[in-house]
Amino acid sequence: MSDNILFQLQSHGKGQQKNLEGYVGFASLPNQVYRKSVKRGFEFTLMVVGESGLGKSTLINSLFLTDLYSAEYPGPSHRIKKTVQVEQSKVLIKEGGVQLLLTIVDTPGFGDAVDNSNCWQPIIDHIDSKFEDYLNSESRVNRRQMPDSRIHCCLYFIAPSGHGLKPLDIEFMKRLHEKVNVIPLIAKADTLTPEECQQFKKQIMREIQEHKIKIYEFPETDDEEENRLVKKIKDKLPLAVVGSNTITEANGKRVRGRQYPWGVAEVENSDHCDFTILRDMLIRTHMQDLKDVTNNVHYENYRSRKLAAVTYNGVDNNRAKGQLSTKSPLAQMEEERREHVSKMKKMEMEMEQVFEMKVKEKVQKLKDSEAELQRRHEQMKKNLEAQHRELEEKRRVFEDERANWEAMQRQEQQKMEASRTLEKNKKKGKIF
Amino acid sequence: MASSDVALLPDKGVRPLSLAGHVGFDSLPDQLVNKSIYQGFCFNILCIGETGIGKSTLMDTLFNTNFENFESSHFEPQVKLRAQTYDLQESNVRLRLTVVNTVGFGDQMNKQESYQPVVDYIDKQFESYLQEELKIKRSLHNYHDSRVHACLYFISPSGHSLKSLDLVTMKKLDSKVNIIPVIAKADTISKSELHKFKIKIMSELVSNGVQIYQFPLDDENVAKVNTTMNGHLPFAVVGSTEEVSVGNKMVKARQYPWGVVQVENENHCDFVKLREMLICVNMEDLREQTHTRHYELYRRCKLEEMGFKDTDPESKPVSLQETYEAKRQEFLVELQKREDEMRQMFVQRVKEKESELKDAERELQGRFEQLKRLHADEKAALEDKRRLLEEDQSSFSKRRAAAQLLQAQSLTANGKKDKDRKNSGFM
C-alpha cells in the first residue's frame, strides 16, 4: 500500500512556509469556530469544597449573579449530613447569545464531623466516577456526542484563621491536586485586615510549596500584557474573597456587599477583596483553559493509569513498574504475541536440540551394541572354526593311524594265512 | 477537539436561571477562538482528477500561492498520491495546509483498481488517528491531524455526463470523505451547455446513490447562502496564476484570442463560489464532518472488526476495560494453548522415536538370540563330531588292544607249535 503513496516529508514536521500573494479567506476560520461554538453551547462543572459556614453558596451566587442557592434550593451548609455527600445542581444560564450549562458540585458535611479522616474519599470517588463515565463513553464503539460532566475546577475554601493551613486543608489539596484543578480561596476575607491578609497569604503559599501541592497555574501566553496581568494575579494567591446575597447602598451607588455598622465591605471592590480577580479569571478569561487542563492533563492521567492497569493485568509486575507504554493495549498485546512467538521458537529449537542429542546418543549406543555383537559373533565363529579344524586334524590323524594299523593288520593276516596254508600243505605232505 | 461538543438538550433537573447582571461568560467563544488561533489550524485537501486537468493550478489559484508542482507524465503504471504540507498565514491566522494530489489517475488502460490507492490513503490517515486515540499515553491535542477534510473531484468538461470511472471512484469515497465535485477547465463549456451538464451530473450522482458534501443548513447565519450554493453544485471552475490586465486592474485570468476568462468574475466561472464555500464559510464544518461522521464510521467498523462490542451477549453494556480484559484473557489462553500444543507435539515425537528405537533394540536382540542359537547348534554339532571321534578312537583302541592280545596269544601259541613241530620233527 505504501508503494502508492509518495510523501514529501513534512507529515509530522513543519510545513513549508509559503507567503500568500492575495486574498484567500481562511482568516475567517476563527469566526467559523466562534459561530459553531455558540451554536453548540458551553458546559462547565465547578466544585466547591469547604467546611460549613464559610460562605460557599453566597460566593457562588455572587459569582454568577443569580440565586443558584436560595431558600428553595439551599446551599450545602443548610443540608448538613452525617457523612460527606457529593451533590450537584445543574443550571442553564444565558448571556449575550451564549448558553452555559453550569453544574455546581458541592460537598455538604465536608470537614464538619468530629473525625474527618478520609472525608475526602467520597469526593475523590466522585471525580473518578466522572472520569470513568467519560472514558466509557469515549471508548464505546458507537459513540454519540459525549456530555462532559468532568469536574473542571475545584474551589477550596480556607477558613480565615489568619495563621496557616489546617491539616485537613493540606491533606485534601495533596490528594486532589493531581485529579482536578484546585483553586484555594480564603473565605470571608472581610474578617482580615489587609496586613493580616497579606501575612496569611504568604504563610499559605509557603505551606503549599512546602507540601508540593500543585494548585492551578495560569498558562503563559505570547502576549506581554497578559503575562503581566498573570504575574499580578500570581502575587495575590490565594485569592481572598467575600460574597454577598444582598445589594446595599455605598457612596451613593448600589453595590453588592456586606453592611456593617462601620461601613460596607463591597464584593466587587478590588481594594476590599479579590473577588473581581477570581471572577475575571474563573469566568471571563480562563474558563476554557480550566476545561482544557482537565481534559488534557487530569483526564489523560486517569485514563493512562486505568488502561495501563488493564494492559499489565496478569503480566509480571516488574514490567509494569517501568514507564507507561505509549502504545494502546492492543498494540501491547500484539507485541507480547510477537515476543511469545519468538520465545516459543527458541524453546522449540532448544527442545529440538535436546531431542536430537538424545536420539543420537541412543542410536550410537545401538550401533555400539550391534558392533559388539558382530565382533563377538565373529570371534566365536573363528573359535569354532579353529576347533573344527583341530578336530578335523585329529580325525585325520586318527584315521591315518587306524588305516595304517588296519593295513598292517591285513598284512599280518595275510602273512598268517600264507603261513597257515603252508603248514597245512606241509602237513598234507605235499611239500618235503 | 473541544470536549464540550454537546447539543444542549433540555435536561431533566436543569433549571434555567436569570442573571442579575453581567457575569462575563459570554466571552467563552472568544476564549475558545483565542485558543484555536494560538494553536493554529490545519486543513487537508485531496484533489482527484486526470493528469493535466488542472488540479495544481486550481490549488495555486485558491490559495494564492505557488505550490511546488510537478508535471506528471501519462505513463504512470499505477495511481499514486503525492502529499505536500505548507504553513500559510493570513492576518493572525496560521494554517497548516496539506495538499494531496493523485498522480496518474485515469491514465491506465485498466482503471478498475484506480480508486484503491486513494481509499488506502484516506484509511491510513484514519488509522493513524485511531492508533493515537487508542494509545495509553496519548497527546491528541498536539496531534497533527492528517485526515482528509475535503476531496475535490475534478470532472472532465465533456459536457455530456460523468465517466464511469468518476462514478465508481466517488461511490467508493462518499462514505469516507467529504466529496466536492468540480467541473474543471470550465472555460471550454458554454453557459447553456454548462447548465445542462450540471443537471445531468447531479441526477447521475443521485441515481447512483453518491453522497456528495452538502453545505450545512443548521446555522441560521449561513443557512441562506449555503442553500443557494448547494443549488449551484457542482462548481464549474477555472484556475490561473497568470495575471492579465483588464480595465485598469491586473486580474487572474486566461487570455484567449477571443477574450479573457477572468477567474474571479462570477459570470465567467464559479471560482469565487468555490472559494467562499470551501474556505470562508464551511472550512470548519468540513473538519467537523470529517471527525464526527467519516472518522467515527471508520472507527466503528475497525473496532467491530477487532471484535469490540458495546454490549455483551446479554445486551448488558460492556465497558472498554472489560473488553480489553476479555481480549487479554482470550489472548493469554491462546498463547498457552500454542505452548501446550508445541509441547504435546514434542512429547509425541519422543514417544514415536522411543518406540522406533525400542523396535531396533528388539530386532538387535532377536538377531543376537538367533546368532546365539546358531552358535549353540554349531557347537553341539562340533561336540557330536568330537564325541564320534572319541568313540571311534576308543573303539579303535579297543580293537587294537584286542588284536594285540590276540597276536600275543597267537604268537605264544605259534611259538609252542613251533616248538612242538621242532620237537616232533625229529621223529
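His294(B) is buried, with a relative accessibility of 2%, where buried means under 20% relative accessible area, exposed means over 50%, and partly exposed lies in between (1.4 Å probe, protein chains only). The structure is a predicted model, in which local features need pLDDT of at least 70 and side-chain atom pairs count only at pLDDT 80 or more, while totals for chains, interfaces and linings use all residues. Residues are numbered from 1 along each chain as its sequence is written, chains are lettered from A and ligands numbered from 1 in the order in which they are written, and side-chain values use heavy atoms, with hydrogens and water left out.

His294(B) is located in helix 8 of chain B; helices (H or I, at least four residues) and strands (E, at least two) are DSSP runs, numbered from the N terminus. With residues up to four places away in sequence not counted, His294(B) touches Phe126(B), Asp174(B), Ser175(B), Lys176(B), Val177(B), Asn178(B) and Gln289(B), contact being defined as heavy atoms within 4.5 Å. Ala236(B) is 58 residues from His294(B) along the chain, and the C-alpha atoms of the two are separated by 26 Å.

Helix 7 of chain B (residues 271-281) is largely enclosed by the rest of the structure, because ten of its eleven residues are buried. Those buried residues are Phe271(B), Val272(B), Lys273(B), Leu274(B), Arg275(B), Met277(B), Leu278(B), Ile279(B), Cys280(B) and Val281(B). Lys273(B) forms a salt bridge with Asp270(B), with 3.5 Å between the closest N and O atoms; a salt bridge is a side-chain nitrogen of Lys or Arg within 4 Å of a carboxyl oxygen of Asp or Glu. Both Lys273(B) and Asp270(B) are buried.

In chain A, helix 4 (residues 167-176) has Leu168(A), Asp169(A), Ile170(A), Phe172(A), Met173(A) and Leu176(A) buried. Among the elements covering these residues are strand 3 (42-49), helix 3 (121-139), strand 6 (153-158), strand 7 (182-186) and helix 5 (194-210) of chain A.

The interface of the two chains was then examined. The size of an interface is often given as the accessible area lost when the parts come together. Chain A and chain B bury about 14,200 Å² between them, 59% of it on carbon and sulfur atoms; buried area is the accessible area (1.4 Å probe) that two parts lose on being put together, summed over both. The contact takes 144 residues from chain A and 138 residues from chain B. Across this interface of chain A and chain B there are 50 residue pairs in polar contact, both residues being at pLDDT 80 or more. A polar contact is a pair of N or O atoms within 3.5 Å; within protein, one must be able to donate a hydrogen and the other to accept it, and residues adjacent in sequence count only if both atoms are side-chain atoms. On the side of chain A that touches chain B, helix 10 of chain A gives the most, with 43 residues. The residues of that side divide into 57 nonpolar, 40 polar and 47 charged. Here Ala, Val, Leu, Ile, Met, Phe, Trp, Tyr, Cys and Pro count as nonpolar, Asp, Glu, Lys and Arg as charged, and the others, Gly among them, as polar.

Over all chains the count comes to 56 salt bridges, and 15 salt bridges are found across the interface of chain A and chain B. Lys36(A) forms a salt bridge with Glu288(B), the closest N and O atoms being 3.8 Å apart. This pair crosses between chains, from helix 1 (residues 29-40) of chain A to helix 8 (residues 283-305) of chain B. Lys36(A) is buried at 15% relative accessibility, whereas Glu288(B) is partly exposed, with a relative accessible area of 22%. Lys36(A), Arg40(A), Asp285(B) and Glu288(B) are linked in a network of salt bridges. Lys35(B) forms a salt bridge with Asp292(A), at 3.1 Å between the closest N and O atoms.

Strands of the two chains also pair, pairing being assigned if DSSP finds at least two bridges between two strands. Seven strands form an open sheet of mixed pairing in the order 8(A)-7(A)-6(A)-3(A)-5(A)-4(A)-1(B). Strand 8 (239-240) of chain A and strand 1 (14-16) of chain B are the edge strands, each pairing on one side only. Strand 4 (residues 87-95) of chain A and strand 1 of chain B run parallel and are joined by three bridges.
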